[in-house]
Amino acid sequence: MKPAIILVSETRCDELLDEFGRYARDYELPTATSAHEAKQAAKGVVADGGQVAMFVTESRLPDAEVLEAFHWWRATVPTARRVIAAHVSTFREDAVQLRGGLAKGKYDAYLLAPRGARDEEFHTAICELLSDWGSTVAEPEVVTVAIVSPVEDALTLGIRDYLDRMGMPNRVYAPDSDEGRAILGHVEGDGGEPDYPLVMDLGKRVATVHSVRDVATRIYGRPADVDVDRVVDVAIVGAGPAGLAAAVYASSEGLSTVVLEAEAIGGQAGTSSMIRNYLGFPRGISGMRLSQRARNQAIRFGTEFFTGWPVTSFTPGALDGDGAPTPHVLCTEGGDVHARAVVVSAGVKYRRLDAPGIERLVGLGVHYGSAMTAAREMEGADVVVVGGGNSAGQAAIHLARFARTVTILVRRESLAETMSSYLVGEIAYNPRISVLACSEVIEGGPGDDGRLGWVTVRNTADGTAERRECRGLFLLIGAAPHCDWLPDEVARDERGFVLTGRDVPQDRWRGGLPPESLETTVPGVFAAGDIRAGSMKRVAAASGEGASVVPLVHAWLDPTR
(Lines give C-alpha, C1' and ligand atoms only; values in the text may rest on other atoms or scores of the structure.)
Protein backbone atom coordinates (compact mmCIF):
# COMPACT_ATOMS: atom_id res chain seq x y z
CA MET A 1 0.00 0.00 0.00
CA LYS A 2 1.40 3.36 -1.04
CA PRO A 3 1.80 6.05 1.62
CA ALA A 4 -0.52 9.03 1.36
CA ILE A 5 -0.06 12.76 0.82
CA ILE A 6 -3.31 14.37 1.98
CA LEU A 7 -4.16 17.58 0.08
CA VAL A 8 -6.41 20.04 1.91
CA SER A 9 -8.23 23.04 0.43
CA GLU A 10 -11.78 24.32 0.60
CA THR A 11 -11.93 25.34 -3.08
CA ARG A 12 -8.66 24.37 -4.81
CA CYS A 13 -8.32 20.62 -4.32
CA ASP A 14 -8.27 20.09 -8.09
CA GLU A 15 -5.37 22.53 -8.46
CA LEU A 16 -3.39 20.84 -5.69
CA LEU A 17 -4.16 17.41 -7.13
CA ASP A 18 -2.93 18.51 -10.54
CA GLU A 19 0.25 20.00 -9.05
CA PHE A 20 0.99 16.84 -7.04
CA GLY A 21 0.28 14.55 -9.97
CA ARG A 22 4.02 13.93 -10.38
CA TYR A 23 3.93 11.98 -7.07
CA ALA A 24 0.99 9.74 -8.03
CA ARG A 25 3.20 6.77 -8.91
CA ASP A 26 4.59 6.47 -5.40
CA TYR A 27 1.93 8.07 -3.18
CA GLU A 28 -1.82 8.03 -2.79
CA LEU A 29 -3.25 11.57 -3.11
CA PRO A 30 -6.53 11.81 -1.17
CA THR A 31 -8.10 15.26 -0.97
CA ALA A 32 -10.12 17.00 1.76
CA THR A 33 -12.03 20.29 1.84
CA SER A 34 -11.75 20.92 5.59
CA ALA A 35 -9.54 20.21 8.58
CA HIS A 36 -12.04 17.71 9.97
CA GLU A 37 -12.32 15.88 6.65
CA ALA A 38 -8.52 15.64 6.44
CA LYS A 39 -8.39 14.19 9.96
CA GLN A 40 -10.94 11.55 9.02
CA ALA A 41 -9.04 10.75 5.83
CA ALA A 42 -5.85 10.24 7.87
CA LYS A 43 -7.65 7.97 10.31
CA GLY A 44 -8.94 5.93 7.38
CA VAL A 45 -5.45 5.50 5.93
CA VAL A 46 -4.08 4.36 9.29
CA ALA A 47 -7.04 2.02 9.88
CA ASP A 48 -6.33 0.34 6.54
CA GLY A 49 -2.73 -0.28 7.58
CA GLY A 50 -1.27 2.56 5.53
CA GLN A 51 0.93 5.53 6.35
CA VAL A 52 0.43 9.26 5.95
CA ALA A 53 3.64 10.86 4.74
CA MET A 54 2.47 14.47 4.53
CA PHE A 55 -0.37 16.93 4.92
CA VAL A 56 -0.38 19.80 2.40
CA THR A 57 -2.89 22.53 3.16
CA GLU A 58 -3.79 26.05 2.22
CA SER A 59 -3.25 28.69 4.87
CA ARG A 60 -7.00 29.17 5.43
CA LEU A 61 -9.53 26.44 6.16
CA PRO A 62 -13.30 26.72 6.64
CA ASP A 63 -13.63 24.93 9.99
CA ALA A 64 -10.42 25.67 11.92
CA GLU A 65 -7.36 27.87 12.11
CA VAL A 66 -4.61 26.09 10.21
CA LEU A 67 -2.36 25.79 13.28
CA GLU A 68 -5.23 24.19 15.17
CA ALA A 69 -5.70 21.81 12.25
CA PHE A 70 -2.03 20.84 12.41
CA HIS A 71 -2.50 20.07 16.09
CA TRP A 72 -5.37 17.73 15.26
CA TRP A 73 -3.47 16.05 12.47
CA ARG A 74 -0.33 15.57 14.53
CA ALA A 75 -2.36 13.88 17.25
CA THR A 76 -3.68 11.50 14.57
CA VAL A 77 -0.39 10.89 12.69
CA PRO A 78 2.62 12.24 14.63
CA THR A 79 5.15 11.17 12.00
CA ALA A 80 3.59 12.97 9.01
CA ARG A 81 5.24 16.11 7.67
CA ARG A 82 3.05 19.22 7.65
CA VAL A 83 3.22 21.87 4.91
CA ILE A 84 1.36 25.09 4.17
CA ALA A 85 1.07 25.81 0.44
CA ALA A 86 -0.40 29.32 0.64
CA HIS A 87 -2.22 30.81 -2.33
CA VAL A 88 -0.61 33.96 -3.77
CA SER A 89 -3.64 36.01 -2.69
CA THR A 90 -3.07 35.19 1.00
CA PHE A 91 0.66 34.37 1.11
CA ARG A 92 1.93 37.74 2.36
CA GLU A 93 -0.90 38.48 4.75
CA ASP A 94 -0.87 35.08 6.43
CA ALA A 95 2.93 34.78 6.60
CA VAL A 96 3.20 37.30 9.43
CA GLN A 97 1.06 35.34 11.85
CA LEU A 98 1.92 31.81 10.70
CA ARG A 99 5.67 31.80 10.25
CA GLY A 100 6.22 32.04 13.99
CA GLY A 101 4.76 28.54 14.24
CA LEU A 102 7.72 27.15 12.33
CA ALA A 103 10.08 27.95 15.21
CA LYS A 104 7.86 26.02 17.60
CA GLY A 105 7.67 23.00 15.30
CA LYS A 106 3.96 23.35 14.67
CA TYR A 107 4.57 22.58 11.01
CA ASP A 108 7.52 22.03 8.68
CA ALA A 109 7.36 24.49 5.78
CA TYR A 110 5.53 27.64 4.64
CA LEU A 111 5.57 27.72 0.84
CA LEU A 112 4.00 29.75 -1.94
CA ALA A 113 1.72 27.46 -3.92
CA PRO A 114 2.90 27.02 -7.51
CA ARG A 115 1.41 29.44 -10.05
CA GLY A 116 2.66 27.67 -13.16
CA ALA A 117 4.36 24.58 -14.49
CA ARG A 118 7.68 23.24 -13.18
CA ASP A 119 7.93 25.20 -9.95
CA GLU A 120 11.00 23.25 -8.91
CA GLU A 121 11.74 25.39 -5.85
CA PHE A 122 8.39 24.32 -4.41
CA HIS A 123 8.94 20.68 -5.31
CA THR A 124 12.50 20.70 -4.00
CA ALA A 125 11.07 21.57 -0.58
CA ILE A 126 8.41 18.86 -0.89
CA CYS A 127 10.96 16.23 -1.95
CA GLU A 128 13.32 17.12 0.89
CA LEU A 129 10.54 16.66 3.43
CA LEU A 130 9.38 13.40 1.87
CA SER A 131 12.96 12.17 1.81
CA ASP A 132 13.35 12.99 5.49
CA TRP A 133 10.08 11.20 6.25
CA GLY A 134 11.17 8.17 4.25
CA SER A 135 14.55 7.89 5.96
CA THR A 136 13.22 8.15 9.51
CA VAL A 137 9.78 6.55 9.37
CA ALA A 138 9.10 4.32 6.37
CA GLU A 139 10.83 1.05 5.66
CA PRO A 140 12.91 1.48 2.48
CA GLU A 141 11.55 0.12 -0.79
CA VAL A 142 15.05 -0.30 -2.22
CA VAL A 143 17.44 -1.96 0.24
CA THR A 144 21.16 -1.31 -0.03
CA VAL A 145 22.23 -3.64 2.78
CA ALA A 146 20.09 -6.56 3.96
CA ILE A 147 20.40 -8.10 7.42
CA VAL A 148 19.15 -11.56 8.39
CA SER A 149 18.60 -12.20 12.08
CA PRO A 150 15.98 -14.08 14.10
CA VAL A 151 16.02 -11.32 16.76
CA GLU A 152 16.81 -7.60 16.78
CA ASP A 153 19.45 -7.74 19.47
CA ALA A 154 21.93 -5.02 20.47
CA LEU A 155 24.35 -5.92 17.67
CA THR A 156 21.65 -5.90 14.99
CA LEU A 157 20.40 -2.53 16.23
CA GLY A 158 23.96 -1.19 16.25
CA ILE A 159 24.46 -2.31 12.64
CA ARG A 160 21.20 -0.67 11.56
CA ASP A 161 22.09 2.54 13.36
CA TYR A 162 25.48 2.61 11.63
CA LEU A 163 23.91 2.02 8.21
CA ASP A 164 21.25 4.67 8.81
CA ARG A 165 23.93 7.20 9.77
CA MET A 166 25.83 6.33 6.59
CA GLY A 167 22.68 6.93 4.53
CA MET A 168 22.34 3.29 3.47
CA PRO A 169 18.75 1.97 3.31
CA ASN A 170 18.53 -1.33 5.15
CA ARG A 171 16.09 -3.90 6.45
CA VAL A 172 16.15 -6.84 8.83
CA TYR A 173 14.61 -10.08 7.58
CA ALA A 174 13.71 -13.16 9.59
CA PRO A 175 15.51 -16.33 8.45
CA ASP A 176 12.18 -18.00 7.61
CA SER A 177 10.91 -15.09 5.48
CA ASP A 178 11.05 -15.26 1.68
CA GLU A 179 13.77 -12.61 1.60
CA GLY A 180 15.68 -14.29 4.43
CA ARG A 181 15.65 -17.68 2.71
CA ALA A 182 16.86 -16.07 -0.53
CA ILE A 183 19.80 -14.48 1.27
CA LEU A 184 20.62 -17.72 3.09
CA GLY A 185 20.89 -19.34 -0.33
CA HIS A 186 24.01 -17.23 -0.95
CA VAL A 187 25.77 -18.53 2.17
CA GLU A 188 28.70 -20.78 1.46
CA GLY A 189 29.36 -23.66 3.82
CA ASP A 190 28.26 -27.12 4.90
CA GLY A 191 24.58 -26.23 5.06
CA GLY A 192 24.47 -26.08 8.85
CA GLU A 193 22.79 -23.34 10.83
CA PRO A 194 24.74 -20.11 10.22
CA ASP A 195 25.72 -17.62 12.90
CA TYR A 196 23.58 -14.51 13.00
CA PRO A 197 23.34 -11.73 12.09
CA LEU A 198 24.13 -12.19 8.43
CA VAL A 199 24.73 -9.17 6.21
CA MET A 200 24.36 -9.00 2.42
CA ASP A 201 26.16 -6.00 0.94
CA LEU A 202 25.90 -4.22 -2.42
CA GLY A 203 27.92 -6.95 -4.14
CA LYS A 204 25.48 -9.67 -2.98
CA ARG A 205 28.18 -11.02 -0.68
CA VAL A 206 26.81 -12.61 2.48
CA ALA A 207 28.77 -13.05 5.69
CA THR A 208 28.32 -13.38 9.42
CA VAL A 209 29.40 -10.23 11.22
CA HIS A 210 30.41 -9.92 14.85
CA SER A 211 30.70 -6.13 15.13
CA VAL A 212 29.78 -2.90 13.42
CA ARG A 213 33.44 -2.69 12.37
CA ASP A 214 32.99 -5.91 10.37
CA VAL A 215 30.21 -4.23 8.41
CA ALA A 216 32.23 -1.06 7.83
CA THR A 217 35.21 -3.07 6.62
CA ARG A 218 33.14 -5.09 4.16
CA ILE A 219 31.64 -1.93 2.67
CA TYR A 220 34.50 0.55 2.81
CA GLY A 221 37.68 -1.50 3.15
CA ARG A 222 40.60 -1.22 5.57
CA PRO A 223 43.23 1.47 6.08
CA ALA A 224 45.74 -1.11 4.86
CA ASP A 225 44.22 -0.58 1.42
CA VAL A 226 46.03 2.78 1.34
CA ASP A 227 49.36 2.41 -0.43
CA VAL A 228 51.77 2.14 2.51
CA ASP A 229 54.59 3.54 0.39
CA ARG A 230 52.70 6.77 -0.16
CA VAL A 231 52.88 9.60 2.36
CA VAL A 232 49.75 11.74 2.20
CA ASP A 233 49.80 15.47 2.77
CA VAL A 234 47.24 15.41 5.55
CA ALA A 235 45.49 12.71 7.58
CA ILE A 236 42.31 13.71 9.38
CA VAL A 237 41.24 11.69 12.40
CA GLY A 238 37.49 11.95 12.83
CA ALA A 239 34.76 12.67 10.28
CA GLY A 240 32.46 14.92 12.24
CA PRO A 241 31.69 18.45 10.97
CA ALA A 242 35.24 19.67 11.70
CA GLY A 243 36.93 16.75 9.97
CA LEU A 244 34.58 16.86 7.00
CA ALA A 245 35.11 20.59 6.49
CA ALA A 246 38.88 20.12 6.73
CA ALA A 247 38.67 17.30 4.17
CA VAL A 248 36.63 19.37 1.69
CA TYR A 249 38.93 22.38 1.85
CA ALA A 250 42.20 20.43 1.97
CA SER A 251 41.40 18.16 -0.97
CA SER A 252 39.83 20.98 -3.01
CA GLU A 253 43.11 22.87 -2.67
CA GLY A 254 45.15 19.99 -4.01
CA LEU A 255 46.33 18.29 -0.81
CA SER A 256 46.27 14.49 -0.78
CA THR A 257 43.86 13.76 2.06
CA VAL A 258 42.86 10.65 4.02
CA VAL A 259 40.14 10.59 6.67
CA LEU A 260 40.01 7.91 9.37
CA GLU A 261 36.71 7.57 11.23
CA ALA A 262 36.20 5.12 14.08
CA GLU A 263 32.43 4.85 13.63
CA ALA A 264 30.06 6.45 11.13
CA ILE A 265 30.63 9.58 9.07
CA GLY A 266 29.20 12.63 10.85
CA GLY A 267 30.19 11.93 14.45
CA GLN A 268 27.68 13.02 17.05
CA ALA A 269 26.20 15.56 14.65
CA GLY A 270 25.37 12.70 12.30
CA THR A 271 22.92 11.30 14.85
CA SER A 272 20.83 14.49 14.99
CA SER A 273 17.35 13.96 13.58
CA MET A 274 17.00 17.58 12.51
CA ILE A 275 19.38 20.54 12.80
CA ARG A 276 17.26 23.65 12.33
CA ASN A 277 19.77 26.40 13.11
CA TYR A 278 22.51 25.53 10.61
CA LEU A 279 23.12 28.34 8.14
CA GLY A 280 21.54 27.87 4.72
CA PHE A 281 18.91 25.24 5.57
CA PRO A 282 15.69 27.10 6.40
CA ARG A 283 13.69 23.89 6.71
CA GLY A 284 16.48 22.21 8.69
CA ILE A 285 18.62 19.26 7.71
CA SER A 286 19.25 15.93 9.39
CA GLY A 287 22.74 15.24 10.66
CA MET A 288 22.98 12.22 8.38
CA ARG A 289 22.21 14.24 5.24
CA LEU A 290 24.54 17.07 6.17
CA SER A 291 27.33 14.58 6.83
CA GLN A 292 26.80 12.51 3.69
CA ARG A 293 26.64 15.59 1.48
CA ALA A 294 29.92 16.79 2.96
CA ARG A 295 31.47 13.33 2.50
CA ASN A 296 30.40 13.21 -1.15
CA GLN A 297 31.75 16.71 -1.64
CA ALA A 298 35.13 15.71 -0.21
CA ILE A 299 35.24 12.51 -2.30
CA ARG A 300 34.61 14.60 -5.40
CA PHE A 301 37.85 16.46 -4.68
CA GLY A 302 39.82 13.27 -4.04
CA THR A 303 39.56 12.57 -0.29
CA GLU A 304 39.85 8.91 0.73
CA PHE A 305 37.64 7.77 3.63
CA PHE A 306 38.11 4.72 5.86
CA THR A 307 35.45 4.06 8.47
CA GLY A 308 35.16 1.55 11.28
CA TRP A 309 38.84 1.59 12.23
CA PRO A 310 39.75 3.77 15.24
CA VAL A 311 43.29 5.08 15.53
CA THR A 312 44.93 3.08 18.29
CA SER A 313 48.22 4.96 18.53
CA PHE A 314 50.02 7.89 17.01
CA THR A 315 53.76 8.33 16.53
CA PRO A 316 54.67 11.96 15.86
CA GLY A 317 57.23 12.68 13.18
CA ALA A 318 60.73 13.84 14.04
CA LEU A 319 63.59 15.60 12.27
CA ASP A 320 65.85 13.46 10.11
CA GLY A 321 69.62 13.91 9.73
CA ASP A 322 69.11 16.79 7.30
CA GLY A 323 66.71 18.58 9.61
CA ALA A 324 63.64 17.72 7.51
CA PRO A 325 60.51 16.46 9.30
CA THR A 326 59.67 12.78 8.92
CA PRO A 327 56.02 11.72 8.48
CA HIS A 328 53.64 11.19 11.36
CA VAL A 329 52.33 7.62 11.68
CA LEU A 330 48.73 6.81 12.59
CA CYS A 331 48.23 3.17 13.58
CA THR A 332 45.01 1.18 13.35
CA GLU A 333 44.35 -2.53 13.69
CA GLY A 334 43.85 -2.61 9.94
CA GLY A 335 46.99 -0.78 8.88
CA ASP A 336 49.03 2.40 9.22
CA VAL A 337 48.71 5.77 7.52
CA HIS A 338 51.74 8.03 7.04
CA ALA A 339 51.09 11.76 6.75
CA ARG A 340 53.07 14.97 6.65
CA ALA A 341 50.38 16.77 8.67
CA VAL A 342 47.60 15.54 10.97
CA VAL A 343 44.31 17.16 11.93
CA VAL A 344 42.83 15.77 15.15
CA SER A 345 39.05 16.12 14.96
CA ALA A 346 37.94 12.93 16.67
CA GLY A 347 35.28 14.79 18.61
CA VAL A 348 33.83 13.63 21.89
CA LYS A 349 31.87 10.67 23.20
CA TYR A 350 28.95 10.73 25.61
CA ARG A 351 29.79 10.13 29.24
CA ARG A 352 28.57 6.83 30.66
CA LEU A 353 25.90 6.80 33.33
CA ASP A 354 27.18 5.27 36.55
CA ALA A 355 23.92 3.75 37.78
CA PRO A 356 23.15 0.14 38.71
CA GLY A 357 21.53 -1.96 36.01
CA ILE A 358 22.00 0.52 33.16
CA GLU A 359 25.14 -0.64 31.39
CA ARG A 360 23.99 -4.23 30.83
CA LEU A 361 20.90 -2.93 29.01
CA VAL A 362 22.80 -0.85 26.45
CA GLY A 363 21.28 -1.70 23.08
CA LEU A 364 18.28 -3.26 24.82
CA GLY A 365 16.39 -0.04 25.46
CA VAL A 366 19.31 1.98 26.79
CA HIS A 367 21.12 4.13 24.22
CA TYR A 368 23.92 6.66 24.36
CA GLY A 369 23.09 9.45 21.95
CA SER A 370 19.93 9.98 19.98
CA ALA A 371 20.02 6.50 18.33
CA MET A 372 17.86 7.40 15.34
CA THR A 373 17.18 3.77 14.45
CA ALA A 374 15.97 2.92 17.95
CA ALA A 375 13.32 5.66 17.79
CA ARG A 376 11.17 3.53 15.48
CA GLU A 377 11.09 0.81 18.15
CA MET A 378 9.59 3.20 20.69
CA GLU A 379 6.13 3.43 19.12
CA GLY A 380 3.53 3.65 21.87
CA ALA A 381 6.16 3.45 24.64
CA ASP A 382 7.18 5.74 27.48
CA VAL A 383 10.76 6.96 27.05
CA VAL A 384 13.19 9.13 29.00
CA VAL A 385 15.84 11.44 27.58
CA VAL A 386 18.60 12.50 29.99
CA GLY A 387 20.40 15.73 29.10
CA GLY A 388 19.79 19.42 28.65
CA GLY A 389 21.76 20.28 25.50
CA ASN A 390 20.60 20.74 21.93
CA SER A 391 21.26 17.09 21.10
CA ALA A 392 18.89 16.01 23.87
CA GLY A 393 16.24 18.43 22.66
CA GLN A 394 16.48 17.21 19.06
CA ALA A 395 16.31 13.60 20.26
CA ALA A 396 13.21 14.26 22.36
CA ILE A 397 11.38 15.96 19.48
CA HIS A 398 12.19 13.10 17.12
CA LEU A 399 11.21 10.44 19.67
CA ALA A 400 7.88 12.20 20.22
CA ARG A 401 6.90 11.23 16.68
CA PHE A 402 6.82 7.60 17.85
CA ALA A 403 6.66 7.32 21.64
CA ARG A 404 3.53 7.79 23.72
CA THR A 405 5.37 10.06 26.14
CA VAL A 406 8.86 11.56 26.27
CA THR A 407 10.26 12.86 29.55
CA ILE A 408 13.39 15.01 29.53
CA LEU A 409 15.38 14.79 32.75
CA VAL A 410 17.77 17.63 33.62
CA ARG A 411 19.75 18.31 36.76
CA ARG A 412 19.26 22.07 36.38
CA GLU A 413 16.06 23.97 37.14
CA SER A 414 15.17 24.45 33.45
CA LEU A 415 16.31 23.85 29.90
CA ALA A 416 16.81 27.54 29.13
CA GLU A 417 20.37 27.65 30.49
CA THR A 418 21.75 24.98 28.16
CA MET A 419 19.40 24.60 25.17
CA SER A 420 18.70 26.86 22.19
CA SER A 421 15.54 28.92 22.49
CA TYR A 422 13.92 27.47 19.36
CA LEU A 423 14.17 23.96 20.81
CA VAL A 424 12.84 25.05 24.21
CA GLY A 425 9.83 26.57 22.45
CA GLU A 426 9.21 23.52 20.31
CA ILE A 427 9.40 21.22 23.34
CA ALA A 428 6.99 23.41 25.32
CA TYR A 429 4.48 23.21 22.47
CA ASN A 430 4.66 19.43 22.02
CA PRO A 431 2.04 17.71 24.21
CA ARG A 432 3.93 14.41 24.24
CA ILE A 433 7.05 15.91 25.83
CA SER A 434 7.42 16.89 29.48
CA VAL A 435 10.45 18.25 31.33
CA LEU A 436 11.42 17.03 34.79
CA ALA A 437 13.90 19.46 36.33
CA CYS A 438 16.32 18.77 39.19
CA SER A 439 16.19 15.05 38.39
CA GLU A 440 18.53 12.17 37.59
CA VAL A 441 18.36 8.45 36.83
CA ILE A 442 19.92 6.39 39.62
CA GLU A 443 18.92 2.84 38.62
CA GLY A 444 17.34 0.80 35.87
CA GLY A 445 16.19 -2.74 35.25
CA PRO A 446 14.66 -5.10 32.69
CA GLY A 447 11.07 -5.96 32.02
CA ASP A 448 9.71 -9.45 31.40
CA ASP A 449 11.29 -9.58 27.94
CA GLY A 450 14.81 -8.80 29.16
CA ARG A 451 14.79 -5.29 27.71
CA LEU A 452 14.63 -2.07 29.70
CA GLY A 453 11.40 -1.96 31.70
CA TRP A 454 11.87 0.68 34.38
CA VAL A 455 14.12 3.37 35.79
CA THR A 456 14.36 5.00 39.19
CA VAL A 457 14.42 8.80 39.12
CA ARG A 458 15.70 10.85 42.04
CA ASN A 459 14.81 14.46 42.75
CA THR A 460 18.13 16.19 43.41
CA ALA A 461 16.45 18.95 45.44
CA ASP A 462 14.73 16.85 48.12
CA GLY A 463 16.29 13.40 47.59
CA THR A 464 13.00 11.58 46.94
CA ALA A 465 13.02 8.73 44.42
CA GLU A 466 10.33 7.28 42.15
CA ARG A 467 10.29 4.20 39.94
CA ARG A 468 8.87 4.84 36.46
CA GLU A 469 7.96 2.47 33.65
CA CYS A 470 10.32 3.13 30.77
CA ARG A 471 11.00 1.25 27.53
CA GLY A 472 13.63 3.60 26.19
CA LEU A 473 16.40 5.54 27.94
CA PHE A 474 18.44 7.92 25.79
CA LEU A 475 21.52 9.32 27.51
CA LEU A 476 23.06 12.58 26.29
CA ILE A 477 24.80 13.64 29.48
CA GLY A 478 27.86 15.60 28.52
CA ALA A 479 30.93 14.75 26.59
CA ALA A 480 34.43 13.45 27.17
CA PRO A 481 37.20 14.00 24.59
CA HIS A 482 37.91 11.04 22.34
CA CYS A 483 41.71 11.19 22.41
CA ASP A 484 43.07 8.32 24.50
CA TRP A 485 45.20 7.39 21.50
CA LEU A 486 47.20 10.62 21.54
CA PRO A 487 50.75 10.56 22.94
CA ASP A 488 51.89 12.71 25.85
CA GLU A 489 53.63 15.06 23.42
CA VAL A 490 50.19 16.47 22.58
CA ALA A 491 49.27 18.69 25.55
CA ARG A 492 45.77 18.49 27.00
CA ASP A 493 43.91 20.31 29.73
CA GLU A 494 42.73 18.82 33.02
CA ARG A 495 39.60 17.41 31.35
CA GLY A 496 41.54 15.81 28.49
CA PHE A 497 40.73 18.30 25.72
CA VAL A 498 43.57 19.16 23.31
CA LEU A 499 45.32 22.50 23.88
CA THR A 500 46.15 24.70 20.92
CA GLY A 501 47.61 28.13 20.25
CA ARG A 502 47.97 30.47 23.21
CA ASP A 503 46.18 28.01 25.48
CA VAL A 504 49.34 25.89 25.42
CA PRO A 505 51.42 26.44 28.60
CA GLN A 506 54.31 28.82 27.97
CA ASP A 507 56.91 26.25 28.97
CA ARG A 508 55.89 24.28 25.87
CA TRP A 509 56.06 27.16 23.39
CA ARG A 510 58.70 26.90 20.68
CA GLY A 511 61.31 29.64 20.38
CA GLY A 512 59.37 31.78 22.81
CA LEU A 513 56.33 31.80 20.52
CA PRO A 514 53.02 29.97 20.96
CA PRO A 515 51.80 27.48 18.36
CA GLU A 516 49.46 28.73 15.65
CA SER A 517 45.83 29.20 16.69
CA LEU A 518 44.75 25.60 15.94
CA GLU A 519 48.16 23.96 16.25
CA THR A 520 49.03 21.60 19.09
CA THR A 521 52.33 21.18 20.93
CA VAL A 522 53.52 18.83 18.18
CA PRO A 523 54.61 20.63 14.98
CA GLY A 524 52.42 19.69 12.06
CA VAL A 525 49.63 18.38 14.27
CA PHE A 526 46.46 20.47 14.52
CA ALA A 527 43.14 20.15 16.36
CA ALA A 528 39.67 21.30 15.34
CA GLY A 529 36.13 20.90 16.62
CA ASP A 530 34.80 19.56 19.90
CA ILE A 531 38.03 17.81 20.87
CA ARG A 532 39.85 21.15 21.10
CA ALA A 533 39.93 22.89 24.47
CA GLY A 534 37.88 26.08 24.39
CA SER A 535 35.92 25.23 21.26
CA MET A 536 32.24 26.11 20.94
CA LYS A 537 30.24 22.90 20.90
CA ARG A 538 28.12 23.70 17.85
CA VAL A 539 28.02 22.17 14.37
CA ALA A 540 28.69 25.47 12.60
CA ALA A 541 31.61 26.30 14.89
CA ALA A 542 33.20 22.90 14.27
CA SER A 543 32.78 23.31 10.50
CA GLY A 544 34.39 26.72 10.71
CA GLU A 545 37.40 25.38 12.60
CA GLY A 546 37.78 22.55 10.09
CA ALA A 547 37.93 25.08 7.26
CA SER A 548 40.23 27.41 9.21
CA VAL A 549 42.81 24.73 9.91
CA VAL A 550 43.62 24.18 6.22
CA PRO A 551 45.64 27.41 5.71
CA LEU A 552 47.73 26.40 8.74
CA VAL A 553 48.33 22.98 7.19
CA HIS A 554 49.43 24.68 3.96
CA ALA A 555 51.84 26.90 5.90
CA TRP A 556 53.32 23.87 7.66
CA LEU A 557 53.74 21.89 4.46
CA ASP A 558 55.21 24.84 2.54
CA PRO A 559 56.63 27.57 4.82
CA THR A 560 57.36 29.74 1.78
CA ARG A 561 53.67 30.24 0.95
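The model is predicted: local features need pLDDT of at least 70, side-chain atom pairs count only at pLDDT 80 or more, and totals for chains, interfaces and linings use all residues. Residues are numbered from 1 along each chain as its sequence is written, and side-chain values use heavy atoms, with hydrogens and water left out.

Start with the backbone. The peptide bond from Tyr196 to Pro197 is cis, with omega near 0°. Pro197 sits in the loop between α8 (178–184) and β8 (198–200). Helices (H or I, at least four residues) and strands (E, at least two) are DSSP runs, numbered from the N terminus.

Arg118 is not a glycine, yet its phi is positive, near 55°. It belongs to the loop between β5 (109–112) and α6 (120–136). Arg118 is exposed, at 67% relative accessibility. Cys438 also has a positive phi, near 50°. Its loop runs between β20 (433–436) and β21 (439–446). Cys438 is buried, at 17%. Buried means under 20% relative accessible area, exposed over 50%, partly exposed in between (1.4 Å probe, protein chains only).

Now the charges. The structure holds 28 salt bridges, each a side-chain nitrogen of Lys or Arg within 4 Å of a carboxyl oxygen of Asp or Glu. Arg60 pairs with Asp94 at 3.0 Å. These two are 34 residues apart, with Asp94 in helix α4 (residues 91–98). Arg60 is partly exposed at 42%; Asp94 is buried at 2%. A salt-bridge network links Arg60, Glu93 and Asp94.

Arg404 and Asp382 meet at 2.5 Å, N to O. Arg404 lies in a loop and Asp382 in strand β18 (residues 382–386), so the pair ties together parts 22 residues apart in sequence.
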